[in-house]
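Dear colleague,

Here is the structure to look over, with notes on what was found in it below. Please keep the sequence open beside the text.

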Amino acid sequence: MTYQLYHGSCHCQAVKYEAEFDMAAGSNRCNCSLCSKARAWFLFVRGDKFKLLAGDDMLSTYQWVPPGRTEPGLTYRFCSRCGIRLYATGELAQLGGRFYAIHLPTVDDVDREELVRAPLNFFDSAHDRPDRSPADTRLM
Ligand SMILES: [Zn+2]
């Protein structure tokens, strides 16, 4: 793992963050009902590798309960002024506890070629199988 420090922001620049991650580890697309509408494209960052630099007071929150669950899985944060989703937070033991799922298009200083080279993973959350890729990923 080669961690590098990146910077991200929303469209109106009210919210800014920095995060360390290994771009070579790849990024993710998901087909759950929310990710489909938001065209989510994200990567996971450990809680201790993320720092909100500005705009905490501008962030709004959204949660939803996936079918078959009793409580929300993730907490989504987006800018209340420009509407851009910046990240979601959750807890997962394999990611060392608290994690951030950063919306990749909000990262400002990632190299385009580095992004193209990195693997793209697909999660079949629409069928409650995020551990596998859906049969059809063409529009994800
Ligand atoms: Zn904004």
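Strands E1, E2 and E5 form an open, antiparallel sheet in the order E1-E2-E5. Strands (E, at least two residues) and helices (H or I, at least four) are DSSP runs, numbered from the N terminus, and two strands pair if DSSP finds at least two bridges between them. E1 and strand E5 (50–54) are at the edges with a single partner strand each, so one side of each has no neighbour in the sheet. From one strand to the next the twist averages 25°; axes are lines fitted to C-alpha atoms, for helices over the stretch in contact, and angles run from 0 to 180 degrees between N-to-C directions. Four bridges hold the antiparallel pair E2 and E5, and leucine 52 in E5 is the residue opposite tyrosine 17.

Before going on, the ground rules. This is a predicted model, in which local features need pLDDT of at least 70 and side-chain atom pairs count only at pLDDT 80 or more, while totals for chains, interfaces and linings use all residues. Residues are numbered from 1 along each chain as its sequence is written, and side-chain values use heavy atoms, with hydrogens and water left out.

The other sheet is also open: seven strands in the order E6-E7-E8-E9-E4-E3-E10, with mixed pairing. Its edge strands, E6 (59–62) and E10 (120–123), each pair on one side only. Here the twist averages 30° from one strand to the next. Strand E3 (residues 27–30) and E10 run parallel and are joined by four bridges; arginine 29 has phenylalanine 122 in E10 as its bridge partner.

Asparagine 31 sits in the loop between E3 and helix H1 (33–38). Is asparagine 31 buried or exposed? Its relative accessibility is 15%, so asparagine 31 counts as buried (buried is under 20% relative accessible area, exposed over 50%, partly exposed in between, with a 1.4 Å probe and protein chains only). A polar atom of the asparagine 31 side chain lies 2.8 Å from the backbone nitrogen of serine 125. Not counting residues up to four places away in sequence, asparagine 31 touches several residues, including Phe123, Asp124, Ser125 and Met140; contact means heavy atoms within 4.5 Å.

Alanine 25 is in the loop between E2 and E3 and is partly exposed, at 43% relative accessibility. Leaving aside neighbours within four places in sequence, alanine 25 is in contact with Met1, Pro119 and Asn121.

Now the metal. Which residues are the protein donors of the zinc ion? They are Cys10, Cys12, Cys79 and Cys82, each through SG, at 2.3 to 2.4 Å from the ion. Donors are N, O and S atoms within 2.8 Å of the metal (3.2 Å for Na, K and Ca); water is not among the atoms, so sites may look incomplete. The spacing of the donor residues in sequence is C-x1-C-x66-C-x2-C. Distant parts of the chain are linked here: cysteine 12 is in the loop between strand E1 (4–9) and strand E2 (16–21), and cysteine 79, 67 residues apart from it, is in strand E7 (residues 75–79). Cysteine 12 is partly exposed, with a relative accessible area of 26%, whereas cysteine 79 is buried at 0%. Why is the arrangement around the zinc ion tetrahedral? Because the four donor atoms subtend angles of 106 to 119°; four donors count as tetrahedral if all angles lie between 85 and 135 degrees.

Regards

Conventions. Four donors count as tetrahedral if all angles lie between 85 and 135 degrees; four count as square planar and six as octahedral if opposite donors are over 155 degrees apart and all others between 65 and 115; anything else is irregular. A polar contact is a pair of N or O atoms within 3.5 Å; within protein, one must be able to donate a hydrogen and the other to accept it, and residues adjacent in sequence count only if both atoms are side-chain atoms.
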